[in-house]
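Have the sequence and the 3D view ready, and look up each residue as we reach it.

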Amino acid sequence: MDESRPGKGRLRVAVTGASGEYGKLLLPRLERDPEVESIVVLDVNRPDGAKVEFHRVDLTRHDAESELTDALAERPVDALYHLAFLFGPIRNGSLAHELEVIGTMNVLTAAGRARIPRLVVPSMTAVYGARGNNPALMREDSPLQGCPHSRFVTDKVEVEGQVRAFRERHPEMKVLVLRFAPVLGAAFESPVTRLLTRTSVVPTLLGFDPLWQGLHEEDAGRALHLALRAEASGEFNIVGRGVLPLSGLIRQAGARPLPLPGPLFRGALHALDVVGADTLPVALLDYIHYSWVADGERAETALGFIPFHHVRDAAAALNKRS
């Protein structure tokens with residue numbers, strides 16, 4: 001054991017993107033964890049918390065790598081959560097790419113130099129892509145076909161490639177990638193939650209009703225927390241209990257599906273975008289067309305993650321949004 005590192009009850013956990021969607025789910029759990037001594041926040045905004053040690057780091061700046069390296073080198077860190085990913089409406093694709101892809105490159109370089117023993121990175125089951133020939137259940141070794149017309153998904157696929165290469169270069173580190181099904185809840189913001197909540201009628205494709213999974217935000221936060229101590233490395237599908245056809249998911253969220261032929265469907269999404277409803281981008285059309293269901297068995301056996309909530313409960317939680 002490395003004597004320079006804190007012992008039991010003295011964990012130091014670093015977090016990028018602490019003010020983002022995943023950070024809001026994880027930080028309260030770290031605050032309540034009696035074995036976590038301090039939370040080293042590497043972000044542009046300081047979150048509340050008694051354990052927070054704040055270092056202002058902007059991952060889009062040219063000097064982000066050196067700032068990260070300096071912050072992580074001050075005192076040994078037991079785990080680094082890289083959570084700096086965007087879920088709000090993206091109007092500047094170049095800035096999003098700079099944050100997620102270039103930012104991840106900087107984070108990985110700094111993590112390697114600091115010899116951090118554990119790295120946790122979130123991803124999405126959407127990286128598998130939605131295709132007519134998808135298997136009934138997609139496991140972690142399924143190809144990442146992504147969504148070629150969506151930079152939102154393509155950047156996540158590229159980040160996964162970076163993290164996989166990093167893990168191969170650093171076999172001594174535990175590197176965990178958590179592929180989340182769409183996270184649903186009163187507080188979480190994403191393209192999927194906007195699709196389900198911004199209007200009372202949700203356009204769908206006539207003749208298609210694909211199976212969807214959903215993950216309650218409380219289960220997502222618990223999975224992130226479990227990754228702090230899991231004796232595992234690699235990719236893990238993090239999914240809720242059960243599946244629902246998209247029409248059922250929409251109804252559980254309190255809206256009504258409106259099946260439309262393809263051209264009218266695209267026109268409806270464009271119209272909603274023009275009026276500022278910020279629903280699902282047309283580029284993500286494949287996910288309304290075909291099923292994309294991931295197998296959560298590996299997360300159960302290796303992480304000890306068993307979801308508490310069914311997908312219908314996760315969708316119903318959207319009714320509680322303010």
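**Spaces inside the fold**

Helix H4 (151-169) and helix H5 (191-197) each give at least two residues to the lining of the largest cavity. Helices here (H or I, at least four residues) and strands (E, at least two) are DSSP runs, numbered from the N terminus. Before going on, note that this is a predicted model, in which local features need pLDDT of at least 70 and side-chain atom pairs count only at pLDDT 80 or more, while totals for chains, interfaces and linings use all residues. Residues are numbered from 1 along each chain as its sequence is written, and side-chain values use heavy atoms, with hydrogens and water left out.

What is a cavity? On a 1 Å grid over the protein atoms alone, a cavity is a set of points where a 1.4 Å probe fits but cannot get out, and its lining residues have an atom within 4 Å of a point. Grid points are joined across faces, edges and corners, and a volume is the space filled by probe spheres set on the points. By this rule, there are 2 cavities of 30 Å³ or more.

The largest cavity has a volume of about 230 Å³. It is lined by 19 residues, and the closest to its centre are Met 124, Ala 126, Phe 152, Pro 182 and Val 192. What classes of residue make up this lining? There are 18 nonpolar residues, 1 polar and no charged. In this scheme Ala, Val, Leu, Ile, Met, Phe, Trp, Tyr, Cys and Pro count as nonpolar, Asp, Glu, Lys and Arg as charged, and the others, Gly among them, as polar.

The second largest cavity has a volume of about 50 Å³. Two or more of its lining residues come from each of strand S5 (118-124) and H4. H4 makes the largest contribution, with 4 residues. By class, this lining has 6 nonpolar, 1 polar and 2 charged residues. The residues to look for include Phe 85, Ser 123, Lys 156 and Glu 160.

**Charged pairs**

Side chains of opposite charge can pair when their charged atoms come close. A salt bridge is counted when a side-chain nitrogen of Lys or Arg is within 4 Å of a carboxyl oxygen of Asp or Glu. The structure holds 19 salt bridges.

One of them joins Arg 75 and Glu 53, with the closest N and O atoms 3.8 Å apart. Arg 75 sits in the loop between helix H2 (64-73) and strand S4 (79-82), and Glu 53 in strand S3 (residues 52-56), so the pair links distant parts of the chain, 22 residues apart. Arg 75 is partly exposed, at 39% relative accessibility, and Glu 53 is also partly exposed, at 24%. For these words, buried means under 20% relative accessible area, exposed over 50%, and partly exposed in between (1.4 Å probe, protein chains only). Both residues belong to a network of salt bridges that links Arg 10, Arg 12, Glu 37, Glu 53 and Arg 75.

Another salt bridge pairs Lys 174 with Glu 231 (3.5 Å, N to O). Lys 174 lies in strand S6 (residues 174-180) and Glu 231 in the loop between helix H6 (217-226) and strand S11 (234-238), so this pair ties together parts 57 residues apart in sequence. Lys 174 is partly exposed, at 26%, whereas Glu 231 is exposed, at 66%.

Is His 82 buried or exposed? His 82, in strand S4, is buried, with a relative accessible area of 1%. Its side chain makes a polar contact with the side chain of Thr 16 (2.7 Å). A polar contact is a pair of N or O atoms within 3.5 Å; within protein, one must be able to donate a hydrogen and the other to accept it, and residues adjacent in sequence count only if both atoms are side-chain atoms.

Arg 115 lies in the loop between helix H3 (93-114) and S5, and Arg 115 is exposed, with a relative accessible area of 65%. Most residues other than glycine have a negative phi. Phi of Arg 115, however, is positive, near 55°.

Definitions and conventions:
On a 1 Å grid over the protein atoms alone, a cavity is a set of points where a 1.4 Å probe fits but cannot get out, and a pocket is an open set with protein on both sides within 12 Å along at least five of seven lines; lining residues have an atom within 4 Å of a point.
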